[in-house]
Amino acid sequence: MAYIKKKSERKFKITVCNGYKVNGQKRMKAQTITVPSSVPKRGIQQYVMAEAERIEKKFKYGVEESDQTHFDQYAENWLKRQEPFFKATTYAGYRETLILFTR
């Protein structure tokens, strides 16, 4: 869940919550964004909501995606995040498969 606080006309503070720590405290991360002047006034809210969703995905899943993210980039980032959970041979096999399919 993302909380949005308006600081000025084009500055917003976005706070994202991702569950709780062992001691019961919320896991929070905040980021202040500035809406570019190229965005018209009527598009500010939509821009802020899109940025809040992007920040939330990045915090919760460790993935920064956009419309321009290519499959090979996404797959490589996913494989790097999963490496600690695979045996060395499994990781090597997946890596080889990824190399073959992204050529």
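Me: Is Tyr-94 buried, partly exposed or exposed, and which relative accessibility decides that?
Reply: Buried means under 20% relative accessible area, exposed over 50% and partly exposed in between, with a 1.4 Å probe and protein chains only. At 40% relative accessibility, Tyr-94 is partly exposed. Phe-86 is partly exposed too, with a relative accessible area of 24%.

Do keep in mind that this is a predicted model, where local features need pLDDT of at least 70, side-chain atom pairs count only at pLDDT 80 or more, and totals for chains, interfaces and linings use all residues. Residues are numbered from 1 along each chain as its sequence is written, and side-chain values use heavy atoms, leaving out hydrogens and water.

Me: How many aromatic pairs are there in the whole structure?
Reply: A pair of aromatic rings is described by the distance of the centres and the angle of the planes. Rings of Phe, Tyr and Trp (its six-membered ring) pair if their centres lie within 6.5 Å; planes under 30 degrees apart count as stacked, over 60 as edge-to-face and the rest as tilted. Here the search finds 2 aromatic pairs. One of them joins Phe-86 and Tyr-94 edge-to-face, at 5.1 Å centre to centre and 85 degrees between the planes. Ring pairs link Trp-78, Phe-86 and Tyr-94 into a cluster.
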